[in-house]
Amino acid sequence: MQKQNIVEYTPAWLQKPYPGHGIFTSAPAKATSNFLSQSNGSDSASKRSAKPGPRRTIARRGVEVFVAVGKEIRWADLVYLKENWEYKENKKAASRQGGNDRGFRENSQYEADHAQGYRTIKTQVADDIRQLVISPHGNYLAILTTHTVHIAILPEPAQLTAADTGPLKLKSYTLGPTTHVTSQAGIASALWHPLGVNGTCLVTVTVDAVVRVWELSTTDRWSFDRPTLAIDLKKLADGTSVDQDFAASVGANKSFSPDSVEMDVASACFAGRGSGGWSPMTLWIAMREGDVYALCPLLPEKWSPPPTLVPSLTVSIVAKLAAMEDDPSISSKAKALTQQQLAWMTEIDNQDPIRVEVPPGDPPGEIFSRPSKPGKIPKLQGPFDLELAPEESDEESDNLLSDIYIIGAKVDDEQLMFGEEVDILNEGVDKEGASFGVVCLLTSSGRLSICLDLDGVEAQWLPNTKSKSQRLLEEIFDPPSLLTFEVLDTSKSSEVKKDQIDWPVFSHDVTSRYSFYITNTSSITFISLHPWVFRLDGDLNEASHGAEFRIDLMAKAENSIRQRVYTQEPIDGSSPLAASTLILDPDIGYLLLTATPHGPLALTFESAKDTIIDFRRSRSRSPTYDSEPARPLILCEPRPVYEPSHTLDENSALPAFIDKLGHSKYKRLLKEEVRLSPATLQIMAEAHKVLSEETHRIGTAAAELFRRCQRLQAELQSQIKKANDVASRVDAITGNDVEDGPTVSVEESIGARIDKAKSRQEELTDRIERLRRKATKSTSRELSDKEKVWFGEVKMLESRVFGGGENEDFRGSKGTEPWARYEEVKQLQEDLLDHFLSMKLDEEVPSTPNIKVPSEVRKKKMDEIMALLDRESALVEAAKSRLERLSLT
């Protein structure tokens, strides 16, 4: 996967003054003054609102979004809003061209008396909404404040898209009216259990490390009052037997202890429903101080697994147990734990599951009951030892965890489908992925730690003291560990403020489970694990040559893709970004949606899947296929749409100050002349505070507007220059760049360019050949023995022919002079020639008698001759090799 290419920032249908912008903003509030104000009960509410925590105020159901604005929820259909904007733009274009827009008014569903695609939903919450969590099937919406949880029942989209545009009040229930209240600990996370029946099981985790499992039913109001399972992790961490009471204490006085600080929960997370192994039923808890724990298996009383979960667990447990029986190196406690898992799975296999109705398109579901043995409460595994973790920083925000993200291992389809003819894997199972889990931890400073769960978290329970067969489980297991593979920083040092604690959060991607987004107070970062996760999985599973070397290279290099896709300027801590929501739809594209208290922010990315789908559709088009209009050519990179500071739209607090002054004890001073008195001084000082604060904000906003205007001029000049460059290139290609002389056709121009390119290529080829020859000549190698002897003979011959002082010693040798040898050879040639002519004239060649030799004799003689030749060749080769060895020695 490559980096994300941004196509557009905040489309026009989400900007002012269209309804898409108003959905994310609240009505302008009246300015207030603090003059003569007294503390009241609202101070506690403001403190709770200012408490740091995650801001997941946007939830989606398909292309529908639910946005929390204060104490309200705004619903909108994004496709409806986009089409409404396109309709109105076409209507304006038709009226500007002098056409008749009567047809728009009569046949359109986007007029004022029709549905508008957005509604306001009233809630019963008392504080501002901090999180919205929608159920897997989209029929429930969990509304979270800092301490309370409400469950709203969502109607069908057709009921929301109605002619009535007034506020809508949904049927909702208060979850835990005596548990999740302001007098108790706050809510850290609320998660819909992946294995809940039709997505009706909610798991809440409070800051004081209490996990509650709620199995909701609209026909049973008690299901919203009391959880079916409540676990106090502080008690469970010190537990020794499954028979102990680990339920959360209600109404008990809470005193300070070191464990209470170390066990403050930051976030919790499940893996996906389609993950393999024990991942779908494992709850991961990240503590604020940096510890990580796991609960496995955490199940409701009634649970509905995917079709492959139970068979895959049964196969893996049986195979593991069979491998342990013949291995003496495995400890007895590990064997006892596997026996526990086998007994747990045997009870599930002996059940008769109940068929459950599922939404259209989903695989058939079955309901199982939670096994009663070894126990309904699992053992708390942890804290995990983070191997190769970065050193502790002096900055407090580097050590405070804010969120956790889990990517479960894939289903081992080869082991599951071994010997089977029917493929039971369905679309709800993650077929692609690695055989190990990935745990991502995020700190308040934006530091991301990517850890690998190579051992895998398995089901564990506390021992039963009454059972003698489980005494082996009382032995202490080795602490579980996670291998830190990579550490990345997603925030700059200048963006991290000491006086303000940020709370970055994860947002899963809709295109791949190995990529996600990190939303900070003022930035959004894209992270992808694709460059290394599949290569690492292949090297770990296949013991090929060089795998250790490749793994070492991957561990030392920066493998993951890290891309900052958006940065908010200027950085404003009072306007943090909400957690990003990703949408992939053919009508609106690949969209990232987030918001600030003053408006929405959307990024449209270029999706590779759209190109693949368009290619497949183009392969088989019908004769009546009407192709979509081509997208305009993007000459310049898109840039964020600038919106003036919200300060320029705020009302002044001075009228409220004067109105408040008119109802105070100083109201008579407004009607009298200005006199120097302590009361007048106080009023002037308070008025100066109000005016100085407002003028400072307005001056800062105006300065930013001026800088943006200057930047706009520079960007406009750059775009004009790029457009001129593109136009000149087009003219050069089409031949319109020639002002004088005859016009050259496009074919001739392209042919001339091709001929020029060919000639240039030939010149480069010749040049390369010349350089190669020159390089070959310049290189020298050592001469062989034969070449040295021949070179010496040439030198000797040169000295005898031309003479020289270097080889005078050769003159005294017994060898014949070259001139004498030449005369001797010439004389021999003449004698041979005369002898040959005389023999040709005098003698006649006798004819060869025709003697017939039998073929057997001829073959036998030829075999003897060939054997003698082979023997002679072998003797010659042996002598030659021996001489070579002697010359080398």
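In the predicted model, Leu 388 is exposed, with a relative accessible area of 67%. The residue is found in the loop between S22 and S23. Ala 209 belongs to the loop between strand S12 (201–206) and strand S13 (210–215). Ala 209 is buried, because its relative accessible area of 0% is under the 20% limit.

Two cis peptide bonds were assigned in loops. One runs from Lys 373 to Pro 374, with omega near 5°. Pro 374 is part of the loop between S20 and strand S21 (380–381). Gly 382 and Pro 383 are also joined by a cis peptide bond, for which omega is about 0°. Pro 383 is placed in the loop between S21 and strand S22 (385–387).

Helices H8 and H9 form a crossing pair. The axes of helix H8 (residues 309–325) and helix H9 (residues 332–349) come within 10 Å and cross at roughly 145°. The handedness of this crossing is left-handed. On the side of H8, the contact is made by Val 310, Leu 313, Thr 314, Ile 317, Val 318, Lys 320, Leu 321 and Met 324. H9 contributes Ala 334, Lys 335, Thr 338, Gln 339, Gln 341, Leu 342, Met 345, Ile 348 and Asp 349. Sorted by class, the contact of H8 with H9 comprises 10 nonpolar, four polar and three charged residues.

In soluble globular proteins, nonpolar side chains tend to be buried together. The largest nonpolar core of the model has 31 residues. Within this core, the residues with the most contacts are Trp 278, Met 281, Trp 284, Trp 303, Trp 344, Ile 404 and Val 439. Two or more residues are given to the core by each of strand S16 (283–287), strand S17 (292–295), H8, H9, strand S23 (401–407) and strand S24 (437–443). H8 supplies the largest share, four residues. Another core, of 27 residues, lies apart from this one and includes Ala 188, Val 203, Ala 209 and Leu 298.

Several sheets and strand pairs were identified. Strands of a sheet pair through backbone hydrogen bonds, either parallel or antiparallel. An open sheet of three strands has the order S18-S20-S19, and its pairing is antiparallel. Strand S18 (302–303) and strand S19 (354–356) are at the edges; each has a single partner strand, so one side of each is left without a neighbour in the sheet. Between S19 and strand S20 (residues 365–369), the antiparallel pairing extends over three bridges. Val 356 is positioned opposite Gly 365 in S20.

Four strands make up an open sheet in the order S1-S33-S32-S31, again with antiparallel pairing. Its edges are strand S1 (6–9) and strand S31 (581–585), each with a single partner strand, so that one side of each has no neighbour in the sheet. On average, neighbouring strands of this sheet are turned by 25° against each other, direction ignored. Strand S32 (residues 589–596) and strand S33 (residues 599–605) run antiparallel and are joined by seven bridges. Thr 596 has Gly 599 of S33 as its bridge partner.

A further antiparallel pair consists of strand S8 (residues 149–153) and S10, linked over four bridges. Across this pair, His 150 stands opposite Thr 174 in S10. Strand S10 (residues 172–175) has a covered face with Tyr 173 and Leu 175 and an uncovered face with Ser 172 and Thr 174. The residue opposite His 150 therefore lies on the uncovered face of S10, where covering is judged by accessible area.

Arg 697 is located in helix H15 (residues 678–734). Arg 697 is partly exposed, since its relative accessible area of 29% falls between the limits of 20% and 50%. Not counting residues up to four places away in sequence, Arg 697 touches Thr 647 and Glu 650. The C-alpha atom of Arg 697 is separated by 9.3 Å from that of Ser 645, a residue 52 residues apart along the chain.

Terms used
Residues are numbered from 1 along each chain as its sequence is written. This is a predicted model: local features need pLDDT of at least 70, side-chain atom pairs count only at pLDDT 80 or more; totals for chains, interfaces and linings use all residues. Side-chain values use heavy atoms; hydrogens and water are left out. Axes are lines fitted to C-alpha atoms, for helices over the stretch in contact, and angles run from 0 to 180 degrees between N-to-C directions. A crossing is left-handed if the near helix is turned anticlockwise from the far one by less than a right angle, and right-handed if clockwise. Contact means heavy atoms within 4.5 Å. Ala, Val, Leu, Ile, Met, Phe, Trp, Tyr, Cys and Pro count as nonpolar, Asp, Glu, Lys and Arg as charged, and the others, Gly among them, as polar. A nonpolar core is a set of buried Ala, Val, Leu, Ile, Met, Phe, Trp, Tyr and Cys residues joined through side-chain atoms within 4.5 Å. Buried means under 20% relative accessible area, exposed over 50%, partly exposed in between (1.4 Å probe, protein chains only). Two strands pair if DSSP finds at least two bridges between them.
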